[in-house]
Amino acid sequence: KALAYILTLGAQGIPEAAKGAVLNANYLREQLRGSYDIAYGDGPCMHEFVLTLHDLKKQTGVSAMDVAKALIDHGIHPPTMYFPLIVEEALMFEPTETESRETLDEAAAVLRDIRAQADADPEALHTAPHTTPIGRPDEVKAARHPVLRYMPPEGKV
């Protein structure tokens with residue numbers, strides 16, 4: 001897939017795609033500044049940026065996991081969580097070059113709404129997602145007793 005993408009873009013398209021990714025990351029980061037703490041927030045970023053929710057968790061009890069799960073309720077795939085390891089309560093965003101300004105604005109608005117909810121009703125975020133067929137799994141149980149193969153109920157093949 002990567003080779004097909006590179007061949008499709010061509011020699012001139014690759015730098016343009018990279019510029020788009022950098023622009024989108026910087027745009028989204030600035031939209032979130034003031035609502036969230038930005039790790040390493042001085043100067044422009046490249047194609048990604050990291051938020052630290054350390055202070056948010058200290059103030060409200062809402063973790064990076066809670067915010068990521070709440071994004072699912074809004075139809076947004078969660079960003080990379082808890083990476084890099086040196087940033088407490090990290091969320092790493094890597095908006096691609098194909099994201100439109102409207103999509104980035106929508107994501108920023110959702111993240112600001114989640115931040116407001118964290119301040120007003122943090123308990124609701126601890127149980128997110130609420131709109132999916134299954135809620136939040138017990139991650140400790142899943143890690144200790146993984147189900148590696150789905151077994152349909154008896155008579156339901």
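**Talking through a predicted model**

Mentor: Let's start at G75: just after helix 3, G75 takes a positive phi of about 75 degrees. Bear in mind that this is a predicted model, where local features need pLDDT of at least 70, side-chain atom pairs count only at pLDDT 80 or more, and totals for chains, interfaces and linings use all residues. Residues are numbered from 1 along each chain as its sequence is written, and side-chain values use heavy atoms, with hydrogens and water left out.

Trainee: Why is helix 3 called largely enclosed?

Mentor: Buried means under 20% relative accessible area, exposed means over 50%, and partly exposed is in between (1.4 Å probe, protein chains only). Eight of the 10 residues of helix 3 (residues 64–73) are buried, so the rest of the structure largely encloses this helix. The buried ones are A64, M65, D66, V67, A68, K69, A70 and L71. Across the 157 residues of the protein chain, 35% count as buried.

Trainee: What covers the buried residues of helix 3?

Mentor: Going by contact (heavy atoms within 4.5 Å), the cover includes helix 2 (54–60), strand 3 (80–81), strand 4 (90–93), helix 4 (101–120), helix 5 (122–126) and helix 6 (139–144).

Trainee: Which residues form the aromatic pair, and why is the pair called stacked?

Mentor: The structure holds one such pair: F49 and F93, 5.3 Å centre to centre with 10 degrees between the planes. Rings of Phe, Tyr and Trp (its six-membered ring) pair if their centres lie within 6.5 Å; planes under 30 degrees apart count as stacked, over 60 as edge-to-face and the rest as tilted, so F49 and F93 qualify as a stacked pair.

Trainee: What does the pair tie together?

Mentor: F49 lies in strand 2 (residues 49–52) and F93 in strand 4, so the pair ties together parts that are 44 residues apart in sequence.

Trainee: How do you know whether F49 and F93 are buried or exposed?

Mentor: Set each value against the cut-off already given. F49 has a relative accessible area of 3%, so F49 is buried. F93 is at 10% relative accessibility, so F93 counts as buried too.

How values were computed:
Helix = DSSP H or I, 4+ residues; strand = E, 2+ residues; numbered from the N terminus.
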